[in-house]
Amino acid sequence: MTGDSSLDEMADGTGHAKPHWRSLLSTMFALGHETLASRVRLLDQVFAEEGITAILPGERAVNWRCDPIPLVISAAEFAALQTGLAQRAQLMELILADLYGPRTLLADGLLPPDLVYGNPAFLRPCTVDGRRRDRYLSFYAADMLRGPDGAWRVLADRTGQAQGLAYALENRRILSRVVPELFASQPIRPLRQYQEITSDALQALAPDDDAGVALLSAGHSDPLWFEHVLLSREYSIALVEAGDLTLRNGKLYLKTLRGLQRIGVLLRRQQGHRVDSLELAAGAGVPGLLDAIRGGSIRMVNDPGSALTEAPSLAAFLPALARRLLGEDLRLASQATLWLGEGAMVRTVLRDLEGWIIRKATDGEAAPVVPMMLSEADRAELAARIEADPAMYAASVAPTPSVAPCAGAHGLEAKPIALRMFMTFDGTRWRAFPGGLARALSEEDALAGRLPRTALSKDVWVMQDEASPVQGALALLTPTLAIRRTAGDLPSRVADNFYWLGRYLERLEEAARLQRAIIVRMLRPSATAREVAEIRILAASLGKIKMIDAEDVSVLGPGILGAGPLGTAVLRAFRHNGGMHGVLGHVARQVDQLRDRLTGEMHAVLTRSLRVMGQNIRRLPADHDAGALEYAAGLTTEILEFAATVAGLAAENMVRGGGRLFLDFGKRMERAQSVAGELAQVLDQPGALTQPGRIEAGLRLALELRDSVITYRARYLAVLQPAPALDLILSDEANPRGLAFQLVAARDLLREIVEDGDSLLTAMDPLLQETRDIVQEVLRSADQTVSSAGLPPRLRKLDQAIGAVADRVSRRYFTLLPIARSLGVESDLLRGAA
């Protein structure tokens with residue numbers, strides 16, 4: 001996997017730079033090594049903040065970097081590659097049509113049955129009788145290497161999902177921002193036109209005018225979730241998961257808050273065998289989807305069974321198949337490959353195993369084995385496995401990839417390069433993406449197989465040919481769009497994600513407030529009896545929200561201050577698998593799931609802040625001393641600042657309605673429950689009836705946690721009485737940290753999505769009335785302290801009632817979609833902005 005020491009991609013046969021490299025090299029040398037090195041660091045930083053790395057350290061690590069030096073392809077070379085790849089794409093289409101149809105290739109002996117029926121990617125439910133109903137391929141990609149002779153050869157055909165296009169788009173976007181000097185005088189082909197053609201081609205596939213287009217994703221747990229988000233934005237289509245979709249009368253619909261929206265085209269970005277839980281993998285996909293595809297009401301690109309032709313062993317048969325199906329030879333050859341199911345072939349390979357790379361015969365995603373990189377014992381074991389079951393393997397001649405310049409620590413370094421190019425069928429012919437995804441290979445990198453999680457990639461430049469005509473996108477007649485300002489078009493899953501993002505953000509803030517309050521008191525050199533009582537209350541509150549283990553709270557003794565057992569328990573919440581780290585992880589996952597719904601600025605701020613907080617938590621000192629507690633106090637301040645930043649961004653950057661509506665609703669319901677539950681906790685003190693000071697201490701603490709101390713002092717000076725304090729915390733509708741404010745805000749938000757008089761709206765009224773009744777009863781009581789001491793059961797019941805309303809909203813809008821509402825006539829039920 002190493003090229004020679006010359007820069008093959010850059011130099012011609014005489015050792016001079018190729019013409020299309022000369023201007024670029026001049027610009028690079030003008031920048032100088034130090035400037036180029038600083039741009040490399042900046043590229044890494046931008047990719048970490050805006051690109052495709054994970055939000056929290058250690059979470060689903062995906063780390064793609066971009067080299068500042070692009071891979072340059074001349075116009076003539078690109079034209080030849082486009083012609084060759086278009087021919088291969090057409091050949092793959094014909095092979096798939098035959099294998100899922102009449103299967104004459106098998107009957108005539110041009111393909112061995114083992115490579116079809118023994119291939120997990122062969123999906124029998126996708127077979128048809130008679131004429132083919134539709135195309136199998138609309139997207140195709142190929143992994144290629146340039147050999148020592150200067151010729152490109154295909155190492156792998158990508159007919160399943162043709163992944164990686166988003167990486168190429170992101171490389172171009174970020175590189176043009178970070179190193180604009182390279183683009184100043186280079187006549188390179190733009191990417192926008194290809195994207196417009198692809199978008200129009202997808203829209204043209206819709207069987208009906210009212211049917212939309214969506215990208216079907218496996219969800220944010222997929223390592224290529226970033227690509228799904230970016231492509232859905234590029235093509236202006238919905239990003240959906242199987243759970244968002246349902247079939248009605250043979251047609252596919254997206255579940256939204258308003259009801260069902262028709263989907264006519266699915267751009268598949270999940271494995272084909274997981275699209276239909278009825279006919280394929282149980283428990284995955286949309287039941288009955290394949291039947292709808294067969295019926296023609298839904299078009300899926302690429303076809304669920306299209307990965308069949310990714311089998312590495314197929315390359316051995318392509319020359320003969322091209323002559324049979326196309327009547328011509330391959331213009332772009334594969335890397336020389338043998339299927340080892342034939343005796344002569346396996347003997348040839350075993351005689352010189354180090355001269356080959358070994359791949360699973362039918363698994364295009366498995367990484368190849370490179371025998372020359374194995375120890376003698378491992379090589380012997382591999383040979384034994386091949387000899388025992390040769391039909392399971394394919395062997396390709398070990399390639400010697402050409403190399404290209406990459407920015408290194410001490411200047412330019414030559415690294416082997418693999419290139420993936422992408423093709424789209426526009427309705428009449430195959431078109432090539434005027435760029436590609438190049439990877440700089442190391443000895444650990446797989447030459448083929450699925451895209452790695454960690455890689456150094458390169459932007460691919462196709463030079464402009466001044467003689468070529470400019471070709472625009474397909475001309476489609478687009479009807480005039482009606483003005484729409486609805487919140488109801490939001491998919492139910494997305495609304496659910498916003499709702500839980502709001503709840504987790506509030507949960508994180510509440511935990512940080514409690515942690516800060518207890519740490520501040522624990523760090524004091526000496527504490528009054530009242531402060532010790534407050535520490536106990538705070539510890540119990542932290543135990544209730546699972547930030548401290550319940551057993552740690554129950555054994556609190558005299559060593560309650562400083563670095564004693566309580567200090568250890570508090571710090572444990574910030575460590576790996578601790579409560580604070582866990583809630584941060586929940587927030588990060590919700591942000592990740594909502595990547596396609598957040599503005600660029602909001603997503604960048606959220607991910608950057610979450611990553612920094614995650615890193616800072618990991619730096620928490622291992623000791624359980626006062627220094628570690630001081631550090632943890634700083635973390636709580638950082639978390640509270642983050643919560644305030646998110647609130648400001650949501651208020652100023654998100655359109656009212658839609659996602660903003662459910663983000664706010666989740667936040668209000670979580671805070672409402674926190675107020676009621678927290679107040680019950682601080683008032684539920686042993687001996688409160690005989691020691692009135694304990695109720696006073698609890699109320700002071702409640703005002704502090706509700707950030708209402710200054711307001712109370714302004715109204716009542718220094719006199720603390722239960723009724724005024726409870727009024728401010730519970731029933732004052734003007735206090736943004738109080739309970740009544742949350743209930744009123746939640747009711748106003750619900751008015752945007754339900755009709756007047758709906759039971760969800762009326763469910764808020766008794767909750768608000770209860771807050772007023774509690775305050776009035778305490779105010780009228782002969783002894784306010786005694787009355788306040790009896791409130792905890794009532795407050796906990798109020799907490800549960802608020803949770804019950806939240807559950808009703810969840811069941812109605814997120815969990816189930818009643819069929820009676822799904823196909824109704826559109827009404828004014830939903831108001832606001834989407």
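Q: How many helices and strands are in the chain, and what share of its residues is buried?

A: The chain has 29 helices and 17 strands. Of its 834 residues, 56% are buried. It exposes about 34300 Å², and carbon and sulfur atoms supply 52% of that area.

Q: What share of the contacts with a separation of 6 or more comes from residues 24 or more positions apart?

A: Such residues account for 74% of those contacts in the chain.

Q: Where is the mean pLDDT of an element lowest, and where highest?

A: Where pLDDT is low, the predicted coordinates should not be read in detail. Here the chain averages a pLDDT of 84, and 87% of the residues score at least 70. Among the elements, helix α29 (residues 819–822) has the lowest mean, 34, whereas helix α10 (residues 318–325) has the highest, 96.

Q: How many contacts beyond four places in sequence does the model have for residues 1–6?

A: The model has 18 of them, although pLDDT stays under 50 over residues 1–6. Residues 469–478 also have a pLDDT below 50, and this stretch has 16 contacts beyond near neighbours in sequence.

Q: Which residues have the most contacts inside the largest nonpolar core?

A: In soluble globular proteins, nonpolar side chains tend to be buried together. In this chain the largest nonpolar core has 109 residues, and Ile-518 and Phe-662 have the most contacts inside it. Helix α13 (residues 492–522) contributes the largest share of this core, 15 residues. Apart from this core lies another, of 94 residues, including Leu-24, Leu-182, Leu-308 and Ala-438.

Q: Which residues is Ile-518 in contact with, leaving aside its neighbours within four places in sequence?

A: They are Ile-535, Leu-538, Ala-539, Leu-542, Leu-566 and Val-570.

Q: What is the strand order in the open sheet of 3 strands?

A: Strands of a sheet pair through backbone hydrogen bonds, either parallel or antiparallel. Here the order is β10-β12-β11, and the pairing is antiparallel. β10 (337–339) and β11 (356–360) are the edge strands, each pairing on one side only. Neighbouring strands of this sheet are turned by 25° against each other on average, direction ignored.

Q: Over how many bridges do β11 and β12 pair, and which residue of β12 is the bridge partner of Ile-357?

A: β11 pairs with strand β12 (residues 393–397) over 5 bridges, in the antiparallel sense. The partner of Ile-357 in β12 is Ser-396.

How values were computed:
Residues are numbered from 1 along each chain as its sequence is written. This is a predicted model: local features need pLDDT of at least 70, side-chain atom pairs count only at pLDDT 80 or more; totals for chains, interfaces and linings use all residues. Side-chain values use heavy atoms; hydrogens and water are left out. A nonpolar core is a set of buried Ala, Val, Leu, Ile, Met, Phe, Trp, Tyr and Cys residues joined through side-chain atoms within 4.5 Å. Buried means under 20% relative accessible area, exposed over 50%, partly exposed in between (1.4 Å probe, protein chains only). Helices (H or I, at least four residues) and strands (E, at least two) are DSSP runs, numbered from the N terminus. Contact means heavy atoms within 4.5 Å. pLDDT is the predictor's confidence in each residue, from 0 to 100. Two strands pair if DSSP finds at least two bridges between them. Axes are lines fitted to C-alpha atoms, for helices over the stretch in contact, and angles run from 0 to 180 degrees between N-to-C directions. Accessible areas come from the Shrake-Rupley method with a 1.4 Å probe; for residues, only the protein chains shown count as cover.
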